[in-house]
Amino acid sequence: MSLPPPRPGRRLATVLATAVVFTLTAGTALTAVVPAAAHGSGGHDAPDGGTAVAPRVTDPRVLAEVRDDEVAALGQEHAEEHARMRAAVRGVGDYPQTTRTNRLNALTDSQTTHNQGFAAATFGAFNQYFPSPDFGDHVALLPTGKVLLFSFERIETNPEKEPAPTQTTGRENAGRAFLWDPAAGYGKDAFKQVTPPVVDMPDGLNQPRPAPFFCAGHSFLPNGMLGVFGGNLGGNGGTGAKLSLIFDPWTETWTHNPDMSVGRWYPTVVTGADGRQLIMSGQSELGWGTPTPVVERFPAKNYPVPSLKSETPKNVPVDRFKADAPFTLDYPHLFSLNDGNIYGFGRQAAEQWRFDPVAESRSDLTARPDGRKRNYGSAVLLPGGANGPDSALILGGDRDNPSTLRFSNGSWTAEKSRAFGRTQDDTLLLPNGRLMTVNGAYDIRDYGNGPYNPNADLKYRQVELRDDQGNWQLGPVQRLPRGYHSNAVVLPDGRVMVTGDELQQIANNPDIDGTVAGVPGTTGPVTMNGTIEIYEPAYLHQGDRPVLDRTPAAPVGYDKTFQVTTTTPELVSKAVLLAPTTSTHSINTSQRHLDLRLSSRAGNRLEFQAPPDAKAAPPGWYMLFLLNDQGVPSVAKWIQLTA
């Protein structure tokens with residue numbers, strides 16, 4: 001819908017009435033609290049030659065709609081409200097609300113029809129779908145049981161355009177973050193906003209805003225805190241920020257540390273056996289096409305590694321790792337295997353390297369034998385028993401290639417293929433040691449019908465499940481097709497949370513809020529324009545679950561024995577540790593599956609032996625599950641492994 005510029009008098013009233021009718025028929029909520037900050041460029045000229053009061057809005061889209069004649073006739077505040085309404089109508093009007101509603105209804109109906117053919121006890125089931133205040137482009141399951149979701153303040157409500165401010169500098173290029181508490185349910189009150197630190201980015205505009213940390217990399221520190229590195233400086237196709245941030249799950253606050261030496265947009269971060277994080281790759285502060293080979297480490301080598309809840313890294317820098325990592329494509333997969341080395345699996349077949357954290361050296365690995373570029377696709381460490389993983393499985397990233405490749409002991413072998421090739425997929429380790437792939441698309445912002453067309457080839461909605469013999473089988477479908485920026489997380493109760501892909505969330509929102517960012521973090525009521533879906537794996541439909549009552553409150557040392565209690569000892573066959581997920585862009589460096597060695601049984605007390613060393617399981621927080629002989633898990637409790 002195209003709105004003409006308003007004119008004084010009756011013509012103005014007619015235009016505004018038309019706008020109001022549109023908003024009602026579209027079913028949208030377009031009001032917002034007026035931000036308190038003044039626009040930095042000064043006031044507008046009033047019709048009498050004087051200067052009107054500087055508008056309090058800062059959103060460029062709203063500012064573009066502010067009319068001098070309305071300011072003179074109605075006053076500044078009322079004129080701004082009209083401008084905000086016009087801006088919202090334009091944003092929503094580019095993609096009709098009826099289309100969004102019809103799309104979601106069609107996807108809901110087709111999901112119901114398709115999934116009738118899949119027994120929950122064999123294939124699992126999707127059972128909850130609910131709104132979220134964040135798109136969930138980045139996620140992390142915290143050792144409190146809450147899930148951190150973060151992304152950006154959108155600049156578009158039209159899914160046929162780019163909603164992220166990747167190309168934007170200034171206030172619009174801002175981050176946002178929320179916590180979801182699964183114990184609080186699925187309503188708006190289950191979410192808490194945890195806005196990142198306000199920073200003045202080095203873009204020359206002097207416009208502080210919540211840190212634009214989207215398109216960063218992240219992993220966990222041994223004390224359960226999340227290190228987040230890089231982000232979006234803005235412009236030039238993806239320009240790296242030097243941000244170094246910590247999220248503390250215990251106080252639910254952010255800390256801004258000294259900048260890295262180089263900007264990183266799309267970096268990867270992994271935690272090694274020493275508890276330090278290695279940060280690799282990412283487009284530099286020069287923009288797209290300048291991936292940095294510089295490897296940095298956090299905390300810097302002469303700073304202690306935090307292991308206690310009270311040890312929040314403040315004013316802690318990174319330092320330079322001696323070896324470089326010359327990945328030519330960003331977001332490589334990085335894993336710490338049980339020999340203590342970091343393995344870097346690049347997207348180019350020839351870019352495969354081993355990094356020794358002690359010697360600070362790099363050595364070549366055998367090239368990936370498929371010889372093909374794999375774009376944003378998943379990879380996962382395979383279960384390695386009590387001694388930790390020695391193998392990784394590389395999947396996805398190539399829409400024409402369904403093959404999976406296993407790297408183990410320095411060589412590659414072909415594993416059984418999935419049903420079809422997909423990019424932007426997420427593959428998870430489940431408590432029973434099996435794998436699940438969810439999400440995926442044809443390409444970046446392409447669901448099979450061209451870029452920025454949200455109509456998807458619906459095969460990508462199907463999950464794929466891998467059994468103990470490595471066979472893949474297609475299963476039920478999720479509500480939305482989710483590709484670029486999709487994510488999935490195994491929760492402590494064994495369910496799987498699925499989220500992400502802002503294009504699909506915008507395209508299928510039944511009541512989208514048409515406002516866009518003004519001063520992020522202070523723009524008024526939180527909008528619920530993201531979504532979360534919950535998948536219940538088959539093991540949640542296979543009878544009674546073991547019950548885990550108590551685990552050690554103090555940290556558990558490597559190779560030490562410890563006790564847990566259960567009211568269902570007869571159901572317990574084994575116990576496993578599962579590291580929590582933190583992921584983005586199909587990169588998940590943290591998840592890890594280990595068996596615990598059973599030392600003794602005595603009534604409702606079970607004694608287990610911790611992993612042998614930090615090479616098997618880097619220090620940090622893990623979910624402990626008890627399993628029966630069919631692989632049905634208990635609800636997990638958290639334990640911390642420490643040296």
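**Sheets, rings and a buried histidine**

Reader: Which residue in strand 37 is the bridge partner of Val564?
Author: Leu606 is the bridge partner of Val564. Keep in mind that this is a predicted model.

Reader: How do strand 32 and strand 37 pair, and over how many bridges?
Author: They pair in the antiparallel sense, over five bridges. Strand 37 covers residues 605-609.

Reader: What's the strand order in that open sheet of three?
Author: The order is 32-37-36, with antiparallel pairing.

Reader: Which strands stand at the edges, and why is one side of each left without a neighbour?
Author: Strand 32 (561-565) and strand 36 (597-602) stand at the edges.

Reader: By how many degrees are neighbouring strands turned against each other on average?
Author: By 25° in this sheet, direction ignored.

Reader: And the five-strand sheet, what's its order?
Author: That open sheet runs 5-4-3-2-34, and the pairing is antiparallel. Strand 5 (191-193) and strand 34 are at its edges.

Reader: How many bridges between strand 2 and strand 34?
Author: Two, in the antiparallel sense. Strand 2 spans residues 138-141. Within that pairing, Ala140 stands opposite Thr582 in strand 34.

Reader: Switching to His585. Where is it?
Author: His585 is in the loop between strand 34 (582-583) and strand 35 (593-595).

Reader: Is His585 buried or exposed?
Author: Buried, with a relative accessible area of 2%.

Reader: Which side chain does His585 make a polar contact with?
Author: The side chain of Tyr266, at 3.2 Å.

Reader: What else does His585 touch?
Author: Leaving out residues up to four places away in sequence, His585 touches Cys215, Tyr266, Tyr331, Arg347, Tyr376, Tyr484, His485 and Asn487.

Reader: Tyrosines there. Which residues form the aromatic cluster?
Author: Trp265, Tyr266, Trp288, Tyr331 and Tyr376 form one aromatic cluster. Of these, Tyr266, Tyr331 and Tyr376 are also among the residues that His585 touches.

Reader: How many aromatic pairs does the count come to?
Author: 27. One of them is Phe213 with Trp254, a tilted pair with 5.2 Å centre to centre and 55° between the planes.

Reader: Where do Phe213 and Trp254 sit in the chain?
Author: Phe213 is in the loop between strand 7 (209-210) and strand 8 (217-220). Trp254 is in strand 11 (residues 253-257). They are 41 residues apart, and the pair links distant parts of the chain.

Reader: Phe213, buried or exposed?
Author: Phe213 is buried, with a relative accessible area of 0%. Trp254 is buried too, at 12%, because the cut-off is under 20%.

Reader: Back to the tyrosines. What geometry do Tyr331 and Tyr376 have?
Author: Edge-to-face, with 6.5 Å centre to centre and 80° between the planes. Tyr331 lies in the loop between strand 15 (319-320) and strand 16 (333-336). Tyr376 lies in the loop between strand 19 (361-364) and strand 20 (379-381), so the pair ties together parts 45 residues apart in sequence. Both Tyr331 and Tyr376 are buried.

Reader: Now charges over rings. Which residue lies over the face of Trp472?
Author: Arg418, at 5.9 Å from the ring centre.

Reader: And over the ring of Phe420?
Author: The charged end of Lys459, 4.9 Å from the centre of that ring.

Terms used: Residues numbered from 1 in each chain as written. Predicted model: local features only at pLDDT ≥ 70, side-chain atom pairs only at ≥ 80, totals over all residues. Heavy atoms only, no water. Phe/Tyr/Trp six-rings, centres within 6.5 Å; stacked < 30°, edge-to-face > 60°. Helix = DSSP H or I, 4+ residues; strand = E, 2+ residues; numbered from the N terminus. Buried < 20%, exposed > 50% of the residue type's maximum accessible area, 1.4 Å probe, protein only. Lys NZ or Arg CZ within 6 Å of the ring centre and 35° of its normal. Pairing = 2+ DSSP bridges. Axes fitted to C-alpha atoms, helices over the stretch in contact; angles between N-to-C directions. Polar contact = N/O pair within 3.5 Å; in protein donor to acceptor, adjacent residues only side chain to side chain. Contact = heavy atoms within 4.5 Å.
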